[in-house]
Amino acid sequence: MLLPADLPTPLTGVDDPEFAAAGAELWLKRDDLAHPTVPGNKWRKLAPNLERALAEGARGLLTYGGAYSTHVRAVAAAAHGLGLASTGVIRGAELAGRPRNWSLARAERDGMVLEFVERSAYREAASGRHEHRAGYYVLPEGGSNGLAVRGAAVIARELADQQPGFGSRDVVCCAVGTGGTLAGIAAGLPDGPRALGVAVLRGKGYLEGEVTALHRAGYGREFANWRLAHDWHGGGYGRVPPELERFARWFEDAYGVPVERRYVAKALWGAYGLLRAGGLRGCRVTVVVTGVPDPVR
């Protein structure tokens, strides 16, 4: 049986002199500690979808992702814990005959069947338009859909209870890949606080549209209390340039918090960059730690 998440996740302050000099505060919402096998924000987005899958009597879960997709691993772990089958449609047919990387090997250990498709055909496959597998509940790439947005909204409601005087001074920051977590945080905030997304890929304009579409899917309306920052993706999805690696190592050494590189490091990097540009002066900034670092191999 899948273990429940340990909620609410902890909120910890970071005594950072740079933030203090700007009259600001830095806090970490430790969603990386939410669940032992379904990491970080993936639990938030999966939980309502798992409830729906079980209610519909699904015998398995099917989803899509790349060779190092955290979402794919999370779906495999969740399905294993619930006694469901799972299938992952993986981008890159050339990977089928190669030794599995640590991420795909972990998904297979949890019982996931991997199906590799040509990169040129992957986007059409991942759209789900032609997916009709009897008994399988289909989850989109990255896990972001209307139900996922409602699951992520709980983050904001927890913060409203954890932060005294939660209001117009507060900015809740998260990394953005598919937009579900940002959409949920914005939807769950009370009047006053704002949501800030740091894009981890090149997607200006496109990502704004995705977040808006997710709001409509989850709540049937749009929200105006969020924005996206696009200058901290490090060159694109999955890319970790040397300056980002140096920043992440500095933060780990300074504050003893392990930093996942593809998402969390960029969110923190963006928060510091925006602070230095004057955009977060006087704010209480809470960065949501959405995942755990890759294992040391």
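Me: What volume does the second largest pocket have?
Reply: About 210 Å³, in a model that is predicted.

Me: Now the largest pocket. How much space lies in it?
Reply: About 1100 Å³. Its lining has 47 residues, and E141, G142, G177, T178 and Y263 are the closest to the centre.

Me: Which element gives the most there?
Reply: α8, with five residues. Others that give two or more include α2 (41–55), β3 (60–65) and α7 (180–188).

Me: And how does that lining divide by class?
Reply: For the largest pocket, 19 polar, 16 nonpolar and 12 charged.

Me: Switching to cores. Which residues of the largest nonpolar core touch the most other members?
Reply: L28, F251, L268 and V287, in a core of 34 residues. Among the elements that give two or more residues to this core are β2 (25–29), α9 (242–255) and β10 (284–288). α10 gives the most, nine residues.

Me: What is V287 in contact with, leaving aside neighbours within four places in sequence?
Reply: V287 contacts L26, W27, L28, K29, C173, A267, L268 and A271.

Me: What other core lies apart from the largest one?
Reply: One of 29 residues, including L50, V75, A79 and I90.

Technical notes
Residues are numbered from 1 along each chain as its sequence is written. This is a predicted model: local features need pLDDT of at least 70, side-chain atom pairs count only at pLDDT 80 or more; totals for chains, interfaces and linings use all residues. Side-chain values use heavy atoms; hydrogens and water are left out. On a 1 Å grid over the protein atoms alone, a cavity is a set of points where a 1.4 Å probe fits but cannot get out, and a pocket is an open set with protein on both sides within 12 Å along at least five of seven lines; lining residues have an atom within 4 Å of a point. Grid points are joined across faces, edges and corners, and a volume is the space filled by probe spheres set on the points. Helices (H or I, at least four residues) and strands (E, at least two) are DSSP runs, numbered from the N terminus. Ala, Val, Leu, Ile, Met, Phe, Trp, Tyr, Cys and Pro count as nonpolar, Asp, Glu, Lys and Arg as charged, and the others, Gly among them, as polar. A nonpolar core is a set of buried Ala, Val, Leu, Ile, Met, Phe, Trp, Tyr and Cys residues joined through side-chain atoms within 4.5 Å. Buried means under 20% relative accessible area, exposed over 50%, partly exposed in between (1.4 Å probe, protein chains only). Contact means heavy atoms within 4.5 Å.
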